[in-house]
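Hi,

Here's the structure I said I'd pass along.

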Amino acid sequence: MSYRKPIVVKSFSWRYATSQDWVLHDINLEVNEGEFVVITGPTGAGKTTLCLSMCGLIPHHYNGIIRGNVYVFGNDTSKLSSSDLASLVGIVFQDPESQFLTMSVEDEIAFGLENLAVPLDEMRERVAEAAKLVKIEDLLDRAPYELSGGQKQRVAIAAALAMKPKVLILDEPTGQLDPIGKEEVVAVLKKLKDEGITVVVVEHILEELTPFADRLVLMNDGRILYDGDVRRFFENESFVKTTGVPVPQVTELGLFLRKTVAGVNKIPISVEEAEDLLERLLPVRSVVGRSSS
Amino acid sequence: MSDEVVVKAKNLTHVYSNGVVALKNVNLEIRKGEFIAIIGHNGSGKTTLAKHINGLLKPTAGEIFVHGMDTRKATVSEIARKVGYVFQNPDHQICMRTVWEELAFGPRNLGFSEEEVNKTVKETLALFNLEKYSDVHPFLLGKADRLRIALCSVLTMRPETLVVDEPTTGQDMRQSYEVMETLKKLNGEGKTIIFITHNMRLVAEYARRAVIMSDGGILLDGSVEEVFSNTEVIARAQLKPPQITLLASRFKQLFYDKTPLTVNDFCSKIEPLLGKPSQR
């Protein structure tokens, strides 16, 4: 049954007790096993609220009015306990510090496990495994607050992974990071995908993620405006313009090429794809090589 | 751009009280009307440098002159008349109960007449289409709007030079471009714009000059084109040029004379070549 899928959001609407209008309007969204889904959209679109709803923090920790349901592996989140939810869905926020509580990276990663009363041996194993996955094995004794932005975010991801969630949701995990930090976190995300973990990421700048995203979901005003293939999204140029979603530069180039010459069937969404396309369209290197020799 | 030097740092060094050397012998000259980006990873000294330009930090060695003033001798308010500084986190500077009051705070402190205050606040709100928030408490607004309020509250003091620390953090792309367009407009009116950012695409599209910082020193200082075509230094600073510049670096023979910074640059270069039928 489709409700066994990692996440099924069904005719779901939500308004916070404090908000004047619905923040999410009749959302329908399914996330499949092993999928890497990117959610994007302008500020205030409802992306964070959707993340909170998919991990069950809404309705458990927020007051508001709910319509419809969110199912995690077939279980209605409003009926699951926090601890059951915690072992199914992990969440990482934009500001990693907002979830830090302890004085060492190791304690931080172990915190959730302690709450679930996981036996000590297993806890050690899971902390080590999670730390290894995000490459922070050498930081376990450090205090979270003295780390760089990228390191902090990886600690937050490790803390979520240690719970062995079946789905990991990340809300703008690179939003506050410098270029190195971003690259570190993107590398971790790619690895999670390769490990087969189901991942949902909220992001504004897509060019780093599009090369390996399975699906793009565009939100605005609490609604889903697009849900489907990444490349196909960017191919619909006039629609993309109305959304304000930044088009990766190489994709923009691909759209130009498609209009200018024949033979551009697939627009590029990564630098490598653009390079291949250009080599095919204008065998520059070989041409120049010949003329200069 | 004129010949008037608005910022001149000579062997500027800053050692924080905890012993961290944040700036080491920085030499930098910025002229009136420049649009300059300061880039580099966290901890490279960007913000420390920016805080010397507004006099919040004083050199521990070397010196810096801002609009002719030695910042060690000038008061912060004297510098504030010339240099506006927008913090990375808008909440670090917002302190009043309404947006209007927030915008009036700076010019009042500088002794503007109430008439002048009204005029500058009104004009600035209009510039950002924020009139509707005039009576709203700044903290009731979203982060993106708070950032714009912070920017406005500096602009009302009519500074000649604007230092903006990460103007687009927490904004979506449309809002980021809005902020950058405003900076561009202010630059067009003759203001000197110095901005710090991690977004290389915005550097490529808006700045004319870029300074790469690393370990408290300047690694490279030049036109944006020059800086982004120096792949070796870019890599050393652990930065990444915009996608299109990166792509161009793999087709060096085509772009030997001019590094493209925008998709348009790239297209106009390859367009003539595309007319010919492919050899394959």
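Leaving aside neighbours within four places in sequence, which residues is Ile109(A) in contact with? Before the answer, one caveat: this is a predicted model. The partners of Ile109(A) are Val127(A), Ala130(A), Ala131(A), Val155(A), Ala158(A), Ala159(A) and Ala162(A).

Several of those sit in a helix pair. Helix α4 (residues 105-115) of chain A and helix α6 (residues 149-162) of chain A have axes that come within 8 Å and cross at roughly 30°, and the crossing is right-handed. On the α4(A) side you'll find Val105(A), Glu108(A), Ile109(A), Phe111(A), Gly112(A) and Leu113(A), and these meet Val155(A), Ala158(A), Ala159(A) and Ala162(A) of α6(A). By type, that contact has 8 nonpolar residues, 1 polar and 1 charged.

Ile109(A) also turns up in the largest nonpolar core, which has 83 residues; together with Met54(A), Ala158(A) and Ile169(A), Ile109(A) is among those with the most contacts inside it. The biggest contributor to this core is α6(A), with 8 residues. Another core, of 70 residues, lies apart from it and includes Phe35(B), Trp100(B), Val227(B) and Ala237(B).

Now the interface: 33 residues of chain A are in contact with 34 residues of chain B. On the chain B side, the elements giving two or more residues are α6 (173-188), α10 (243-249) and α11 (263-274). The largest share, 7 residues, is from α11(B). That side of chain B splits into 15 nonpolar, 13 polar and 6 charged residues.

Cheers

Conventions. Residues numbered from 1 in each chain as written. Chains lettered and ligands numbered in written order. Predicted model: local features only at pLDDT ≥ 70, side-chain atom pairs only at ≥ 80, totals over all residues. Axes fitted to C-alpha atoms, helices over the stretch in contact; angles between N-to-C directions. Helix = DSSP H or I, 4+ residues; strand = E, 2+ residues; numbered from the N terminus. Left-handed = near helix turned anticlockwise from the far one by under 90°. Contact = placed C-beta atoms within 7 Å. Nonpolar A, V, L, I, M, F, W, Y, C, P; charged D, E, K, R; others polar. Core = buried A, V, L, I, M, F, W, Y, C linked by C-beta atoms within 7 Å. Buried ≥ 20, exposed ≤ 12 C-beta atoms within 10 Å, placed from the backbone.
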